[in-house]
Amino acid sequence: MSDNLDKVVQWYPGHMVRAMRRIGEYLKLIDIVIEVIDARVPVSGANPTLDTLAKNRDRIVILNRDDLANPSTTKNWLAHFASIGREALATTGRDQQSLTRAIAVMKRMATGRGISRAIVVGLPNSGKSSIINGLLRRSAARTEDRAGVTRQLQWFRLGPGLEVMDTPGILVPKIATREAQWKLAMVGAVPRERYDPEEVAINFHRWLTDATHGRTRVPDLETFASARGFARKGGEIDYHNAAQSYISAFNDGVFGRISLEAPDDPATT
């Protein structure tokens, strides 16, 4: 079984380089920065360059896919962001109740500015376009369950005096740790052709076993593959396709609500 996770570190396609440059330029016209982060990976799923690029702008963190994350862990994350003075909300795609709160925060930030402009940023497949569609209550931004679908900057009018921009998903040029690599691959932030799904699934289950002190009921890859009938002619297990199905099952919530990072993790700052 080969180890291809190191390839993820170097993955930074040309369209992302250009998009990051353009986002930096557009920020000169922006009042509010909305960062959409997968609620399961609030550390690995954040873009640290925003701390520099958007340091003088109002910011909102949207922890999306809340329905897939551990509710207790998400609650702790919201408390963590509040403790550092950052506005944060947990949402589930187009769930109107959670998005209504986001709109209220944006309108509060926009009060007294005349026309305010907000920009929505996030890693690939973080659910940015679904958030925009939910805010607009219509299908305006293109969505798809794979990384790198949005390629163009798009403006939408959210209401009187408030405009919002959708942007391409931006993967940071270097993923700092090996652990962050498999986590981002596991939640779909990295295109499938850029990593070995077997290695990702194995790393995930090893982490989960350690985190639960061996008490997890989530099957390992071999058990999952056998139960789902992933066998080639002669009875050999088809680990590659089994691993892809395993990752899809995780993102469909088959294994339950699992957060991969918590505020009290040693690596959290």
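Two strands count as paired if DSSP finds at least two bridges between them. Helices (H or I, at least four residues) and strands (E, at least two) are DSSP runs, numbered from the N terminus. Arg117 has Glu163 in strand 6 as its bridge partner.

The model is predicted: local features need pLDDT of at least 70, side-chain atom pairs count only at pLDDT 80 or more, and totals for chains, interfaces and linings use all residues. Residues are numbered from 1 along each chain as its sequence is written, and side-chain values use heavy atoms, with hydrogens and water left out.

The protein chain contains ten helices and six strands. Of its 269 residues, 52% are buried, where buried means under 20% relative accessible area, exposed over 50%, and partly exposed in between (1.4 Å probe, protein chains only). The accessible surface of the protein chain is about 13000 Å², and carbon and sulfur atoms hold 47% of that; accessible areas come from the Shrake-Rupley method with a 1.4 Å probe, and for residues only the protein chains shown count as cover. A contact is defined by heavy atoms within 4.5 Å. Among contacts in the protein chain between residues at least 6 apart in sequence, 70% join residues at least 24 apart.

The sheet comes next. Strands of a sheet pair through backbone hydrogen bonds, either parallel or antiparallel. Here six strands form an open sheet in the order 3-2-1-4-6-5, with mixed pairing. Strand 3 (87-90) and strand 5 (154-159) are at the edges with a single partner strand each, so one side of each has no neighbour in the sheet. On average, neighbouring strands of this sheet are turned by 25 degrees against each other, direction ignored. Axes are lines fitted to C-alpha atoms, for helices over the stretch in contact, and angles run from 0 to 180 degrees between N-to-C directions.

Strand 1 (residues 32-38) pairs with strand 2 (residues 58-64) in the parallel sense over seven bridges, and Ile32 stands opposite Asp58 in strand 2. Strand 1 also pairs with strand 4 in the parallel sense, over five bridges; there Glu35 stands opposite Val121 in strand 4. Six of the seven residues of strand 4 are buried, so this strand is largely enclosed by the rest of the structure.

Helix 5 (residues 96-110) lies across strand 1, strand 2, strand 3, strand 4 (116-122), strand 5 and strand 6 (162-166), and runs at about 160 degrees to strand 3. Helix 6 (residues 128-136) lies across strand 1, strand 2, strand 4, strand 5 and strand 6, at about 35 degrees to strand 5.

Charged side chains are the next topic. Side chains of opposite charge can pair when their charged atoms come close. The structure holds eleven salt bridges, each defined as a side-chain nitrogen of Lys or Arg within 4 Å of a carboxyl oxygen of Asp or Glu. Asp38 takes part in a salt bridge with Arg40 (2.8 Å, N to O) and in one with Arg65 (3.4 Å, N to O). Arg65 lies in the loop between strand 2 and helix 4 (71-83) and Asp38 in strand 1, so this pair ties together parts that are 27 residues apart in sequence. Asp38 and Arg40 are buried, and Arg65 is buried as well.

Arg86 forms a salt bridge with Asp51, with the closest N and O atoms 3.9 Å apart. This pair links distant parts of the chain, since Arg86 sits in the loop between helix 4 and strand 3 and Asp51 in helix 3 (residues 50-53), 35 residues apart. Arg86 is partly exposed, with a relative accessible area of 27%, and Asp51 is partly exposed, at 43%. A network of salt bridges links Glu35, Asp51, Arg59 and Arg86.

Aromatic side chains complete the picture. Rings of Phe, Tyr and Trp (its six-membered ring) pair if their centres lie within 6.5 Å; planes under 30 degrees apart count as stacked, over 60 as edge-to-face and the rest as tilted. The count by this rule is nine aromatic pairs. Trp182 and Phe204 form an edge-to-face pair, 6.3 Å centre to centre with 65 degrees between the planes. Trp182 lies in helix 7 (residues 178-186) and Phe204 in helix 8 (residues 197-211), so the pair ties together parts that are 22 residues apart in sequence. Both Trp182 and Phe204 are buried. They belong to one aromatic cluster formed by Trp182, Phe204, Trp207, Phe224, Tyr246, Phe250 and Phe255.
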